[in-house]
Structure formats: structure tokens, C-alpha cells
Amino acid sequence: VARAKGRNSRFRSDREPKRQTTTTTNEDDGESVERLEANARGGRRRNASSSSSAAAASLANVVPGDADVAQRKRIVKMKLEADKRRAEEERKRAEFDVKYAKRSTQGIPEVVTDRMLKRVGIFCGTPLIFGFMTGPAFYFAKAVKHIDVPPAVFFTASTVTFGAAFLGISYGVLSASWDPRREGSFWGGAEFKENIPILVSTVMGKASGTTPLE
């Protein structure tokens with residue numbers, strides 16, 4: 001029995017150093033892995049910093065070539081064109097302000113009033129006559145000629161003609177030349193484009209108490 005106990009004790013003592021050695025070896029392996037990973041991260045950081053510093057140095061040493069000079073000239077040209085357009089717009093606005101101030105201080109001349117009434121008579125009276133003729137024409141076609149005309153045709157024709165007469169009143173006034181020294185064209189397209197901003201500015205000026213721009 002004493003011999004068996006002695007053998008068991010020696011067997012345990014032989015196994016315990018092996019376990020300690022295995023544990024120590026595992027710990028050493030973990031530390032070495034961590035050390036390798038830290039070295040790898042530090043190397044990547046050093047490489048990134050060195051590459052960024054090299055790129056900055058290369059950019060600092062770049063000498064402007066023909067492409068840069070051409071681009072600068074193009075930018076300067078674009079700025080000059082923008083300044084020119086801005087100056088032209090300011091000039092047009094100043095001219096419009098002078099024209100608006102001059103016309104706002106004067107009343108409507110009699111020549112311009114007669115011109116407006118004449119154009120209203122043309123652009124409003126013509127479709128108005130056709131509008132009044134739609135009723136007798138519809139009756140004549142229905143009762144005398146026995147033509148089956150749908151009522152929708154009569155209502156459409158009446159709406160178009162009377163609507164054109166209503167619009168002709170406004171167009172006759174706005175398409176007339178408001179300059180007493182100039183007669184203007186028959187259709188008045190250019191005069192209409194010129195008078196619309198003046199009308200809008202007049203209405204806005206009366207509403208706000210200031211003279212608005214075009």
C-alpha cells in the first residue's frame with residue numbers, strides 16, 4: 001500500500017509540471033500573436049502617413065502647366081462675361097425706371113386714348129358681331145334649311161365668339177402704342193410685350209407704395 005501511494009504521488013507530480021508548461025506556452029503564444037497584430041497595425045499606420053506625406057509633397061512640388069493657365073484664363077473670361085451681363089441688366093433696369101417715372105407723372109394723352117378705343121372697337125367688335133350672328137345662323141340652318149345642327153355647336157360658337165370679344169377689350173388697350181409719337185403696328189405684338197411690364201409695375205407700385213423694377 002505504501003509503495004502504491006508513493007507511485008501515485010510521483011505520477012501526479014510528473015503531470016502537474018506538464019500542465020503548467022502547457023498553460024505557460026499557451027499564454028506565450030497569445031502574447032506573441034497580440035504583439036504581431038500590434039506591429040502590423042503600426043506598420044499600416046506608418047505606411048498610410050508616409051503615403052499621405054508623399055502625396056502632399058508631390059502636390060506641393062507641382063508646377064502649374066499649360067492646362068492650369070488655360071483654366072485660369074477661362075475662369076477670368078467667364079467672370080468678365082458675367083460682369084458684362086450684370087452691367088447690361090442694370091442699365092436696362094435704370095432705363096426702365098426712367099421710362100416708368102416719366103410715364104407715371106404724365107396722364108394719358110388724348111392721342112393714346114383714341115388709339116386704344118379704335119383698337120378695342122376692332123378686336124372686341126369683330127368677334128362680338130360674330131357672336132350675335134350665331135343665334136340667327138343657328139335658327140336659319142334649323143328652321144329654313146332643315147339642317148340638323150347639334151345644340152353643342154351653337155353653344156361652342158357662342159362661347160368662343162363672346163369670349164374672344166371679352167379678351168379683345170384688354171388686348172385692344174394693351175396692344176396700343178402708349179407713345180404719342182409712335183403709331184405702332186396693326187397687331188400690336190411688340191407694343192403688348194412692352195406695355196405688360198409697365199402695367200404690372202404700376203399695379204405693384206400702387207399696392208406697395210414703391211416703384212418696382214421690371
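These notebook entries record what I looked up in a predicted model of one protein.

**Entry 1: ground rules**

I number residues from 1 along each chain as its sequence is written, and I use heavy atoms for side-chain values, leaving out hydrogens and water.

**Entry 2: overall build**

I began with the secondary structure, taking helices (H or I, at least four residues) and strands (E, at least two) as DSSP runs numbered from the N terminus. The protein has five helices and zero strands, and its pattern along the sequence reads α-α-α-α-α.

I then looked up burial, where buried means under 20% relative accessible area, exposed means over 50%, and partly exposed lies in between (1.4 Å probe, protein chains only). Of the 214 residues, 17% are buried. The protein exposes about 16,800 Å², an area that comes from the Shrake-Rupley method with a 1.4 Å probe.

For contacts I required heavy atoms within 4.5 Å. Among contacts with a separation of 6 or more, residues 24 or more positions apart account for 62%.

**Entry 3: aromatic pairs**

How many aromatic pairs does a search of the whole structure find? I counted rings of Phe, Tyr and Trp (its six-membered ring) as paired if their centres lie within 6.5 Å; planes under 30 degrees apart are stacked, those over 60 are edge-to-face, and the rest are tilted. The search finds eight pairs.

I examined Phe 123 and Phe 186, whose pair is tilted, with 6.1 Å centre to centre and 40° between the planes. Phe 123 lies in helix H3 (residues 110-144) and Phe 186 in the loop between helix H4 (151-174) and helix H5 (189-208), so this pair ties together parts that are 63 residues apart in sequence. Phe 123 is buried at 15% relative accessibility, whereas Phe 186 is partly exposed at 47%.

I turned next to Phe 132 and Phe 162. Their ring centres are 5.5 Å apart and their planes stand at 85°, so I recorded the pair as edge-to-face. Because Phe 132 lies in helix H3 and Phe 162 in helix H4, the pair ties together parts 30 residues apart in sequence. Phe 132 counts as exposed at 56% relative accessibility, while Phe 162 is partly exposed at 34%.

I also noted a cluster in which ring pairs link Phe 123, Tyr 171, Phe 186, Trp 187 and Phe 192.

**Entry 4: salt bridges**

Side chains of opposite charge can pair when their charged atoms come close. I counted a salt bridge where a side-chain nitrogen of Lys or Arg lies within 4 Å of a carboxyl oxygen of Asp or Glu. The count comes to eight.

In helix H2 (residues 66-104), Asp 83 and Arg 86 are three residues apart, which means that about one helical turn separates them. Their closest N and O atoms are 2.8 Å apart in a salt bridge. Asp 83 is partly exposed at 43% relative accessibility, and Arg 86 is partly exposed at 44%.

Glu 95 and Arg 91 also lie in helix H2, four residues apart, about one turn of the helix. The closest N and O atoms of this salt bridge are 2.5 Å apart. Glu 95 is partly exposed at 45% relative accessibility, as is Arg 91 at 38%.

Is Glu 191 buried or exposed? Glu 191 is buried, with a relative accessible area of 4%. Its side chain meets that of Arg 182 in a salt bridge of 3.0 Å, N to O, and Arg 182 is partly exposed at 34%. I also recorded one network, in which salt bridges that share partners join Glu 88, Arg 91 and Glu 95.

**Entry 5: Ser 177**

Where does Ser 177 lie? I located Ser 177 in the loop between H4 and H5, and this residue is buried at 2% relative accessibility. Its side chain reaches the backbone oxygen of Arg 182 at 2.9 Å.

Not counting residues up to four places away in sequence, Ser 177 touches Val 112, Arg 115, Arg 182, Glu 183, Gly 184 and Glu 191.

Conventions: Predicted model: local features only at pLDDT ≥ 70, side-chain atom pairs only at ≥ 80, totals over all residues. Polar contact = N/O pair within 3.5 Å; in protein donor to acceptor, adjacent residues only side chain to side chain.
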